[in-house]
Amino acid sequence: MRTANGRRGRWSLRALGLGYLTVLLLAPLVVIFFKTFEHGLAPPIEAVTSPDGLHALKLSLLMVAIAVPLNTIFGVGCALLLVRHRWKGNAVIDSIINLPFAISPIVIGLSLFLLYGTKGWFGPALSEAGIEILFSVPGMVLASIFVSVPFVVRETVPVLQEIGTEQEQAASTLGANAWQTFRRITLPAIRWGVAYGIVLTTARVLGEFGAVSIVSGQISGETETLPLFVEKQFTNFNTAGAYGASVLLALLALTTLLAMNVLKRKEDA
Amino acid sequence: MEAHASTAAAPRGSGFRLPWVGAGLGRGTVALYLSVIVLLPLAALVSQSFEGGLSTFWTQVTSPQAVRSLELTVVCSLIVVVINAVFGTIIAWLLVRDEFPGKAAVNAVIDLPFALPTIVAGLTLIALYGNESPVGIHLVATRAAVVVALLFVTLPFVVRAVQPLLIEMDRDMEEAAASLGASNFTIFRRIIFPNLLPGLAAGVALAFARALGEYGSVLLFAGGLPETQVSSVFIRSQIESGNNTGAAAVSVVLLVASLLLLAAISLIQRWSSRHERSTSGNAETGLTVMPMSGMSPTEKEVDDEDR
């Protein structure tokens, strides 16, 4: 009786869990791939390789090229400070770093919009100096950095805690200076954790929509990243373009997933 | 683990540390970076929301449209976290306790909503549940669309928060309960559920925070009709119509909600690490760990736990 019940329970749980995943995640994804290539490869490829599409792709890559290295250097340094240097302020820094996880991207975008806008604290002074932040690339970069601040820190801290300090102590006893110890001992030990953080940062920067949409002004061919391009194409009823760019972004997301899995395995090994 | 924890706690001179001046300089740099990137913009937001004084702030926040959008956001987010708490726990259970072909793939796919840009998530849902739906379900510009979009983007939180706890859980108690004649439901209610509660609570809080602020996926799928306008979309419409103070006021409400949820998560973690002497040493340093960003525990961890 018990086993029959248990078996029935197991199958109904499987049906519920996997059914839910199918309806919510897998089926929509399959349909969008199908719809994109319904009329062959040409329409989506044409849309993505149009001048505006290419520009959006380039701009998205530029965001990654600036925001990811900055947040990586900051993240590793900040993780070292948090784990290895006890300080009263650490708890405050730790909480601030988590903020971008919990704040709406729209709220982030609006904050930057207000700070650098014509009536904002910095806007007037900067525009007098000839520096435009809003509706141009610098503002979009600031938004991308804001939303992706936490990832490298959050992934590096637990690894640093876990590796301990014995090897580093040995290195410094043997006469290695701080930089040598870091480069030869610490960095190799935390590299997969950092790499995991970098992958998450990249995915977030590539996909960011809300914050960037507010500060960019969404000018086609000028301040449009790929996600903004998707929205513009969709609202202009160019579904081929919207689906084409979406599938490109989805493929990048799947690559991210793959990288996450590989790195996770290396980290555990 | 214990050894690591004690060395980490060892006094000065242990391991790679920045020299004293370096640590000071580092702290200064970190503080400056976080101030410029995160704190100053948020300060500008708060200042703008109170520009017309407290009464203007209150008028903006209590305007019928603002209240309607906030209500819709909170109600939809609550529905979503309840559904995802149930299904997230079921999926986590399947991934830890069950064996079925394709399990590794399912485990990887869970993180897809973390990796997929939200605007693509919205468009993906439109492809299946939009006006040209191949299955004849039309959800675009309905409140159901808000719920489905939020379900999609918050799916991984509960799964990833509950999964490690299920892996760590000792099965002796369950077997003891079963041998004493407890039914499956009783075992779940009295033994499994209390053990999962801290992870479940943290996952739900994170999912709730994400749902409250979600924008991209809801924008296209649910549209900006007055009756489907969540707070983030409302804020956007206020910016477009030039009402910066109104936009900032509603943003501050969302910001406060985020802060409260983060505080709740950190309390939950402190409470659970005190209960079970966390192995990762977080109890000692007090640093938070986010059950997010696809920390899928692998089989190897299970082996380590057993050893």
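Visitor: Hi! Is A:Q169 buried, exposed or partly exposed?
Guide: A:Q169 is partly exposed, because 18 other C-beta atoms lie within 10 Å. Buried means 20 or more other C-beta atoms within 10 Å of a residue's own, exposed means 12 or fewer, and partly exposed is in between, with C-beta atoms placed from the backbone. This is a predicted model, where local features need pLDDT of at least 70, side-chain atom pairs count only at pLDDT 80 or more, and totals for chains, interfaces and linings use all residues. Residues are numbered from 1 along each chain as its sequence is written, and chains are lettered from A in the order in which they are written.

Visitor: Which helix does A:Q169 lie in?
Guide: A:Q169 belongs to helix 9 (residues 166–173) of chain A; helices here are DSSP runs of H or I, at least four residues, numbered from the N terminus.

Visitor: New topic: how many residues does the contact take from chain B and from chain A?
Guide: Chain B gives 86 residues and chain A gives 94 residues, a contact being two C-beta atoms, placed from the backbone, within 7 Å.

Visitor: And which helix gives the most on the side of chain B?
Guide: Helix 2 (residues 20–49) of chain B, with 15 residues.

Visitor: Now, at what angle do helix 4 and helix 8 of chain B pack?
Guide: Helix 4 (residues 64–97) and helix 8 (residues 143–168) of chain B pack at about 40°, with their axes 6 Å apart. Axes are lines fitted to C-alpha atoms over the stretch in contact, and angles run from 0 to 180 degrees between N-to-C directions.

Technical notes
Helix = DSSP H or I, 4+ residues; strand = E, 2+ residues; numbered from the N terminus.
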